Amino acid sequence: MTETVIRQVRVGDGREPVTITIRHGRIAEIGADRGAHGQVVDGAGGLVVPALVDPHIHLDAVLTEGFPAPNRSGTLLEGIERWSQRKPYLTEDDICRRAEEVIRWHMAHGVLNIRSHVDICDPHLTALRALLKVREAIQAVVTLQLVAFPQDGIYCFPDGPELLEEAIRLGADVVGGIPHYEWTREDGLRELELAFGLARKYGRPLDIHCDETDDDQSRFLETVANLTRQNGLGGRVTASHATALASYNDPYAFKLIRMVKAAGVHIVANPLDNIVLQGRFDTYRKRRGMTRVKELLAEGVTVAAGHDSVMDPWYPLGSGNQWFVASMLAHIGQLTGSDELPAAWQAVTTAGARVMQLRDYGVAEGMRADLAIYDVPGPADLIRLMPLPRWVLAAGQVVAHTPPANSTVWWHGVPQTVSFFRS
Ligand SMILES: [Zn+2]
């Protein structure tokens with residue numbers, strides 16, 4: 001079937017429902033209804049947005065919380081320890097099954113673009129081999145990018161440099177890193193040199209777990225920015241987490257944010273994990289731990305937001321709902337000013353698309369018809385209610401559907417439907 005017609009949907013700020021005609025997987029026309037020659041989707045007056053982006057998750061670790069042992073302290077370091085204990089039990093089948101389960105959760109939430117870090121500190125690269133299969137199996141519906149991610153470090157793990165390069169040769173899309181986890185600052189710098197060298201050699205973008213700590217002496221983001229500038233890789237480099245930026249002194253943070261902007265480095269905040277994993281060495285006052293989102297946005301830096309974890313050793317909660325992530329970003333980052341709130345939904349849509357360098361992204365003629373349709377008046381309601389979409393389409397084909405649910409309350413004994421919208 002080469003044509004899909006979506007009737008009765010609102011686009012952007014538009015109040016009047018329009019018809020979207022899709023041909024060959026792309027949006028052919030937004031506006032007039034010229035009749036249907038294929039699949040018809042009733043948008044029921046809903047709001048259509050581009051399919052959501054999760055630019056940072058660890059699909060090899062999802063749904064592993066509790067086995068072989070739970071994370072009793074809930075800390076980042078115990079999480080890494082529990083993950084190390086889990087690794088000997090990993091098989092390709094186990095990873096595929098868990099990853100595909102969570103990808104289905106993402107799809108139900110309208111998320112069709114996912115960048116997953118994959119732990120390559122494993123002499124057999126089991127997780128990468130499994131996720132390469134998943135990537136291929138779902139490519140018609142979900143854009144899955146895999147980052148070669150050295151969870152246990154490069155220079156403090158046996159054969160770390162060789163494993164990183166082998167992962168890229170096997171087909172990882174993106175070069176990863178974790179410089180703050182090396183034993184010394186010098187090794188962290190060496191790790192970044194290696195990662196950028198591999199990115200150049202194989203023509204891949206980079207996504208570095210950078211300064212995921214409250215330590216204000218962890219200053220690898222400046223090196224990421226500098227190497228990005230020197231290598232002319234602006235727009236192709238992402239620093240994930242960058243939580244230490246929240247702990248730097250203000251004059252240094254001011255300088256650094258300008259460097260990040262000038263170099264063209266994107267930032268991915270992970271508000272769910274950041275708010276529970278950082279600030280753990282503080283008594284009171286406790287730091288929030290998330291990077292300086294408001295200040296980065298004010299400088300014009302691309303800031304996206306990732307789910308990071310779904311029921312894994314670092315975060316026992318989560319369901320693949322990127323609106324929950326956007327809501328947490330808005331709360332922790334205090335993005336509740338009327339001009340600031342749009343950054344929260346952009347963080348899981350357009351900004352995420354820039355991080356993943358997605359072409360043809362958006363609700364506009366000519367773009368790929370990856371769409372989610374919600375029963376809400378406007379985008380702010382997506383942050384407020386974190387709803388499931390009524391319809392999700394990948395290249396114009398329906399891939400998820402959630403029937404609308406209404407609540408009834410008995411108001412003074414009389415049943416009334418509650419919509420959660422201002423009347
Ligand atoms: Zn991560």
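We are looking at a predicted model, where local features need pLDDT of at least 70 and side-chain atom pairs count only at pLDDT 80 or more, while totals for chains, interfaces and linings use all residues. Residues are numbered from 1 along each chain as its sequence is written, and side-chain values use heavy atoms, leaving out hydrogens and water.

Where is Pro70 found? It is in the loop between strand S5 (52-57) and helix H1 (76-86); helices (H or I, at least four residues) and strands (E, at least two) are DSSP runs numbered from the N terminus. Leaving aside neighbours within four places in sequence, Pro70 is in contact (heavy atoms within 4.5 Å) with Glu65, Glu78 and Arg82. Compare that with Glu340: its C-alpha atom is separated by 38 Å from that of Pro70, and the two are 270 residues apart along the chain.

The structure holds one cavity of 30 Å³ or more, and about 30 Å³ of space lies in the largest cavity. On a 1 Å grid over the protein atoms alone, a cavity is a set of points where a 1.4 Å probe fits but cannot get out; a pocket is an open set with protein on both sides within 12 Å along at least five of seven lines, and lining residues have an atom within 4 Å of a point. Points are joined across faces, edges and corners, and a volume is the space filled by probe spheres set on them.

About 580 Å³ of space lies in the largest pocket. It has 33 lining residues, and those closest to its centre are Leu76, Leu77, His180, Glu212 and Thr213. H1 gives the largest share of that lining, three residues. The second largest pocket holds about 430 Å³. Its lining has 18 residues, with Asp375, Pro387, Pro404, Ala405 and Asn406 nearest its centre.

Next, helix H6 (residues 221-230), where Leu221, Thr223, Val224, Ala225, Leu227 and Thr228 are buried. What do the buried residues of H6 pack against? Their partners are helix H5 (185-202), strand S9 (206-210), strand S10 (237-241), helix H7 (250-263) and strand S11 (265-269). Just after H6, Gly232 takes a positive phi of about 60 degrees.

Finally, the aromatics. Rings of Phe, Tyr and Trp (its six-membered ring) pair if their centres lie within 6.5 Å; planes under 30 degrees apart are stacked, over 60 edge-to-face, and the rest tilted. That rule gives four aromatic pairs. One of them joins Tyr248 and Tyr252 edge-to-face, at 5.0 Å centre to centre and 75 degrees between the planes. Both of those tyrosines are buried. Trp323 and Tyr374 form another edge-to-face pair, at 6.0 Å centre to centre and 75 degrees between the planes. This pair links distant parts of the chain, 51 residues apart: Trp323 is in helix H10 (residues 322-332) and Tyr374 in strand S13 (residues 371-374). Trp323 counts as buried because its relative accessibility is 1%, and Tyr374 counts as buried at 0%.

Methods: Buried means under 20% relative accessible area, exposed over 50%, partly exposed in between (1.4 Å probe, protein chains only).
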